[in-house]
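User: I'm new to this structure and would like a close look at one part of it. Could you take me through the disulfide and what lies around it?

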Amino acid sequence: QVQLVEIGGGLVQAGGSLRLSCVVPGRTFSGYGMGWFRQAPGKEREFLASINWSDDSAYYAGPVKGRFTISRDNAKNTVYLQMNSLKPEDTAVYLCAASTVVAGKYDSWGQGTQVTVSS
């Protein structure tokens, strides 16, 4: 398992953009991949996007495909989630996760960062 720290949440108007960062502090990440999830009040945790560490391939959930982009910066041990064309229904706590033991299974989670989109 690894420690993960999310940075970059906040309040934005509908149609605006935000970029979230997920940092692996103090070490070089060498797991299978990382992903972003979100959880809105009263709803289940929802998968958004993932990036494979071996080949940089990315996968997106339907509701965010074309609006959100996941990327990474190896030198900074950081994964980003660029969010464009935000909608009020994107309001949630956003969490990053890492797969380090079993490919495709997330075993490490950040504390989450709040994203609020106003109409």
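Analyst: Let's start with the bond itself. This is a predicted model, and searching the whole structure turns up 1 disulfide. Its two ends are Cys22 and Cys96, with the sulfurs 2.0 Å apart. In general terms, a disulfide is a covalent bond between the sulfur atoms of two cysteines. Here the torsion about the S-S bond of Cys22 and Cys96 comes out at about 55°, so the disulfide is right-handed. Cys22 sits in strand 3 (residues 18-23) and Cys96 in strand 9 (residues 92-99), so the bond ties together parts that are 74 residues apart in sequence. Are these two cysteines buried or exposed? Both Cys22 and Cys96 are buried.

Now for a neighbour. Asn77 touches Cys22, and its other contacts include Val23, Val24 and Arg27, leaving aside residues up to four places away in sequence. You'll find Asn77 in the loop between strand 7 (68-73) and strand 8 (78-83). Its relative accessibility is 17%, and the cut-off for buried is under 20%, so Asn77 counts as buried.

Strand 3 and strand 8 run antiparallel and are joined by 6 bridges. As for Leu18, its bridge partner in strand 8 is Met83.

Follow the chain on past strand 8 and you get to some charged pairs. Asp90, in the loop between strand 8 and strand 9, pairs with Arg38 of strand 4 (residues 33-39), 52 residues apart. That salt bridge has its closest N and O atoms 2.8 Å apart, and both Arg38 and Asp90 are buried. Asp90 also forms a salt bridge with Arg67, again with the closest N and O atoms 2.8 Å apart. Arg67 lies in the loop between strand 6 and strand 7, 23 residues from Asp90. With a relative accessibility of 12%, Arg67 counts as buried, while Asp90 is at 0%. Put together, Arg38, Glu46, Arg67 and Asp90 are linked in a network of salt bridges.

Note on methods
Residues numbered from 1 in each chain as written. Predicted model: local features only at pLDDT ≥ 70, side-chain atom pairs only at ≥ 80, totals over all residues. Heavy atoms only, no water. Disulfide = S-S within 2.5 Å. Helix = DSSP H or I, 4+ residues; strand = E, 2+ residues; numbered from the N terminus. Buried < 20%, exposed > 50% of the residue type's maximum accessible area, 1.4 Å probe, protein only. Contact = heavy atoms within 4.5 Å. Pairing = 2+ DSSP bridges. Salt bridge = Lys/Arg side-chain N within 4 Å of Asp/Glu carboxyl O.
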